[in-house]
Amino acid sequence: MIIENVPSEKNFNFSLNTTYGCGGSADIAYFPKSIRQAEAVYNYLTANKIKFVTLGNGSNVLASGKHFDGAVICTKGLKGIYRYGNSIFCRAGTKVGALLKYCIDNGLSGLEHLAGIPATVGGLVYMNGGAGGKYICDNVIGVKLFDGKIRNFSNKQCNFGYKYSTMRDINSLILGVRLEVKPVNSEIVRKNVGEFLEKRKWHPKGKSCGCVFKNPEGLSAGKLIDDAGLKGFNIGGAEVSREHANFILNNGARPEDIYSLIKEVKRIVNECSGIMLEEEVVYIGDF
């Protein structure tokens, strides 16, 4: 399963590569550093019918404790930001922090609301992530994909919705994203980034995936969980945060503890409110 010139790692450990800090292993992981290498990995795996998952910064996933009988394409090596007038092309593995540093250094505004999100750009687009009621889809001009051929999806073709994009439903690899920006004074961008980082200081400390559940329309998932009296509720080392109920913390938990707690929270909230919460977190492997 070695692919020429592509860095790889056998017995890939999910616990070392996700923000939840738990999970089993996979047969092998590939770390492409160029578009060509990413294409080679995708073509090899699909041609040989080897199942795989794509992983960026691992910030919105929960990996099973069982061995994943397949491969991981880790996009963290796909880095690079290129400016084209009032837009930038950002490779999928670029972290949000690096993107915003580039924007500060070059006086480019419009992406400051992403500050503090521990994700890669590819992962954000895949999930249509964001914060404070703003989502990355508002900035996306187009997305470069590979599914055996290079595809350039327009914003419209991505069918963005709440925590959703078409890329969640098709077997493709996000290679990069073109984002709209606005030239302004660098100090304005720096100030805006600082303000958004300040707003995120309330997020619970500790190992988590961020918010576990989507907000039902017009409602707050965190408030529904709080109203059900579940702050501090735990199974094994998994605990509903006492600071923000939509966070489930890993305090020495097994992935199965976290998974069981998620299912129990859903059950109790539904029993109390009649609302069935839907997960935002993406599962990897079998539970």
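Biologist: Why is Glu239 called buried?

Modeller: Its relative accessibility is 16%, and buried means under 20% relative accessible area, with exposed being over 50% and partly exposed in between (1.4 Å probe, protein chains only). Since 16% is under 20%, Glu239 counts as buried. Keep in mind that this is a predicted model, where local features need pLDDT of at least 70, side-chain atom pairs count only at pLDDT 80 or more, and totals for chains, interfaces and linings use all residues. Residues are numbered from 1 along each chain as its sequence is written, and side-chain values use heavy atoms, with hydrogens and water left out.

Biologist: And what makes Arg242 exposed?

Modeller: Arg242 has a relative accessible area of 58%, which is over the 50% cut-off for exposed.

Biologist: Why are Asp147 and Arg151 called partly exposed?

Modeller: Asp147 has 33% relative accessibility and Arg151 has 34%.

Biologist: What makes Glu279 and Lys266 a salt bridge?

Modeller: Their closest N and O atoms are 3.0 Å apart. The pair links distant parts of the chain, 13 residues apart: Lys266 is in helix α6, while Glu279 is in the loop between α6 (255-273) and β18 (282-284). Those labels come from DSSP runs numbered from the N terminus (helices are H or I, at least four residues; strands are E, at least two). Glu279 and Lys266 are both buried, and together with Lys263 they are linked in a network of salt bridges.

Biologist: What makes Arg91 a residue with no salt bridge?

Modeller: The nearest side chain of opposite charge, Glu39, is 9.8 Å away, and a salt bridge has to be within 4 Å, so there is no match. For charge, Lys and Arg count as positive and Asp and Glu as negative, while His and the chain ends are not counted. Arg91 is buried and sits in strand β7 (residues 87-91). Residues in contact with Arg91 (heavy atoms within 4.5 Å) include Lys33, Tyr82 and Val121.

Biologist: Which residues have the most contacts inside the largest nonpolar core?

Modeller: They are Ile88, Leu99, Leu111, Val125, Val143 and Met167, in a core of 34 residues. Helix α2 (96-106) is one of the elements that supply at least two residues each, and α2 gives the most, with five residues. Apart from this core lies another, of 24 residues, among them Ala221 and Leu277.

Biologist: What makes a set of residues a nonpolar core?

Modeller: They must be buried Ala, Val, Leu, Ile, Met, Phe, Trp, Tyr or Cys residues, joined through side-chain atoms within 4.5 Å. In soluble globular proteins, nonpolar side chains tend to be buried together.

Biologist: How many aromatic pairs are there?

Modeller: There are eight. One of them is Tyr42 with Phe146, with ring centres 5.5 Å apart and planes at 80°.

Biologist: Why is that pair called edge-to-face?

Modeller: Rings of Phe, Tyr and Trp (its six-membered ring) pair if their centres lie within 6.5 Å; planes under 30 degrees apart count as stacked, over 60 as edge-to-face and the rest as tilted. With 5.5 Å and 80°, the Tyr42 and Phe146 pair is edge-to-face. Tyr42 lies in helix α1 (residues 35-47) and Phe146 in strand β11, so the pair ties together parts 104 residues apart in sequence. Tyr42 and Phe146 are both buried. Tyr259 and Tyr283 are edge-to-face too, with centres 5.2 Å apart and planes at 75°.

Biologist: How do you know that the charged end of Lys199 sits over the ring of Phe196?

Modeller: The test wants NZ of Lys or CZ of Arg within 6 Å of the ring centre and within 35 degrees of the ring normal. The charged end of Lys199 is 4.9 Å from the centre, and it is listed as sitting over the ring.

Definitions and conventions:
Lists of a residue's contacts leave out its neighbours within four places in sequence.
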